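Here are some exercises to work through with the structure open beside you. Try each task on your own before you read its solution.

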Amino acid sequence: CSYRLRNALHPLWQSPLSIPGGSRQSPINIQWRDSIYDPFLKPLKICYDPTTCLHIWNNGYSFLVEFDDSTDKSIIVGGPLENQYRLKQFHFHWGAINEWGSEHTVDSKFYPAELHLVHWNAVVYPTFEEAVMEGNGLAVIGVFLKLGAHHEGLQTLVDALPAVKHKDTVIEFDVFDPSCLIPSCPDYWTYAGSLTTPPLTESVTWIIKKKPIEVDENQLEAFRMLLFTSDGEEEKRMVDNFRPLQPLMNRTVRSSFQ
Ligand SMILES: CC(C)NC[C@H](O)COc1ccc(S(N)(=O)=O)cc1
Ligand SMILES: [Zn+2]
């Protein structure tokens with residue numbers, strides 16, 4: 001099937017041949033007119049405690065801002081979710097140029113970057129690692145970034161990036177409220193999908209915000225200054241760290257709005 005070739009061609013991610021079934025893979029194209037309004041979808045409730053922020057690190061795929069997930073201090077609840085989910089980390093995917101970079105597309109349109117806020121179901125599972133393996137284990141909020149006005153909240157992150165230029169570097173980052181990166185418009189799409197990097201497990205309830213946030217060119221360029229490579233290795237710029245689109249197969253995308 002063509003998507004197997006697409007994955008096999010993309011060096012960064014394993015082919016689905018290693019994923020049993022592979023019927024709910026991410027990312028996907030969201031065809032606006034095919035999404036189905038679900039009046040029973042609740043508003044998504046986001047409650048983050050900025051003091052749970054721990055550090056920023058470059059893991060060689062993206063840069064992650066990780067949170068203390070030993071309590072229910074930073075959680076989301078409602079929306080399509082049966083339980084509340086704990087914030088574990090957030091990270092981004094972006095392109096070498098502004099024409100592409102997001103993982104999901106809307107009516108086949110790419111955004112220059114996409115933010116993922118990763119949460120896990122600590123009501124049902126004892127650890128993140130276990131939740132990663134279960135169908136209702138994770139909930140990831142996707143937010144598109146578009147080129148536009150300077151984003152004040154993002155700038156505090158951008159200012160810290162030079163300190164994590166190389167793979168496996170980390171700096172302390174002790175107070176940050178990721179709510180400032182989420183559009184106030186409540187509208188979202190939701191569908192059942194997977195992690196977009198290994199282990200690619202089909203454990204994610206995706207919640208994709210309809211409205212993008214605006215960031216400026218300098219802020220996108222700051223992402224592109226990061227490196228996939230460790231200090232001392234031949235430098236490879238961290239760009240195009242997004243997975244190819246995956247087939248929708250037997251899934252519907254629901255919208256919280258008409
Ligand atoms: C040891 C294993 C469980 N670690 C898993 C690793 O943290 C990967 O976690 C993730 C978490 C989120 C995503 S995405 N781009 O779909 O939001 C991808 C991989
Ligand atoms: Zn991601």
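A polar contact is a pair of N or O atoms within 3.5 Å. Keep that cut-off in mind, and remember that this is a predicted model.

**Exercise 1. Which side chains place an N or O atom by a nitrogen atom of ligand 1, and how much of the ligand does the protein bury?**

Solution. 
Step 1: Start with His116, where an N or O atom of the side chain is 3.4 Å from a nitrogen atom of ligand 1. That is within 3.5 Å, so the pair counts as a polar contact.
Step 2: Go on to His93, whose side chain has an N or O atom 3.3 Å from a nitrogen atom of ligand 1.
Step 3: Now turn to the surface. Ligand 1 taken alone exposes 490 Å², and the protein buries 74% of that.
Step 4: Finish with the surroundings. Ligand 1 has 16 residues around it, and the closest are His91, His93, Leu195, Thr196 and Thr197.

**Exercise 2. What are the protein donors of the zinc ion (ligand 2), and why is the arrangement of donor atoms called tetrahedral?**

Solution. 
Step 1: Find the protein donors. They are His91 (NE2), His93 (NE2) and His116 (ND1), lying 2.0 Å from the zinc ion.
Step 2: Look at the angles. Four donor atoms surround the zinc ion, and they subtend angles of 99 to 118°.
Step 3: Compare with the rule: four donors count as tetrahedral if all angles lie between 85 and 135 degrees. The range of 99 to 118° therefore makes the arrangement tetrahedral.
Step 4: Read the spacing along the chain, which is H-x1-H-x22-H. His91 in strand 7 (residues 85-94) and His116 in strand 9 (residues 113-120) are 25 residues apart, so this pair links distant parts of the chain.
Step 5: Check the accessibility of these two residues: His91 and His116 are both buried.

**Exercise 3. Where does Gln25 lie, is Gln25 buried or exposed, and what does its side chain contact?**

Solution. 
Step 1: Locate Gln25 in the loop between helix 1 (2-9) and strand 1 (29-30).
Step 2: Gln25 counts as buried because its relative accessibility is 1%, and the cut-off for buried is under 20%.
Step 3: List the partners. The side chain of Gln25 makes a polar contact of 2.9 Å with the side chain of Glu202. A polar atom of the Gln25 side chain also lies 3.2 Å from the backbone oxygen of Leu200.

**Exercise 4. Which residues of helix 4 (residues 217-224) are buried, and what covers them?**

Solution. 
Step 1: Pick out the buried residues, which are Gln219, Leu220, Ala222, Phe223 and Arg224.
Step 2: Look for the cover. Among the elements over these residues are strand 5 (63-67), strand 7, strand 9, strand 10 (138-147), helix 3 (152-158) and strand 14 (213-215).
Step 3: Inspect the N-terminal end of helix 4. Asp216 caps it, with a side-chain oxygen 3.1 Å from the backbone nitrogen of Asn218.

How values were computed: Residues numbered from 1 in each chain as written. Chains lettered and ligands numbered in written order. Predicted model: local features only at pLDDT ≥ 70, side-chain atom pairs only at ≥ 80, totals over all residues. Heavy atoms only, no water. Helix = DSSP H or I, 4+ residues; strand = E, 2+ residues; numbered from the N terminus. Buried < 20%, exposed > 50% of the residue type's maximum accessible area, 1.4 Å probe, protein only. Polar contact = N/O pair within 3.5 Å; in protein donor to acceptor, adjacent residues only side chain to side chain. Donors = N, O, S within 2.8 Å, 3.2 Å for Na, K, Ca; no water. Tetrahedral: all angles 85-135°; square planar, octahedral: opposite > 155°, others 65-115°. Near = heavy atom within 4 Å. Areas by Shrake-Rupley, 256 points an atom, 1.4 Å probe, with all protein chains shown as cover. Contact = heavy atoms within 4.5 Å.
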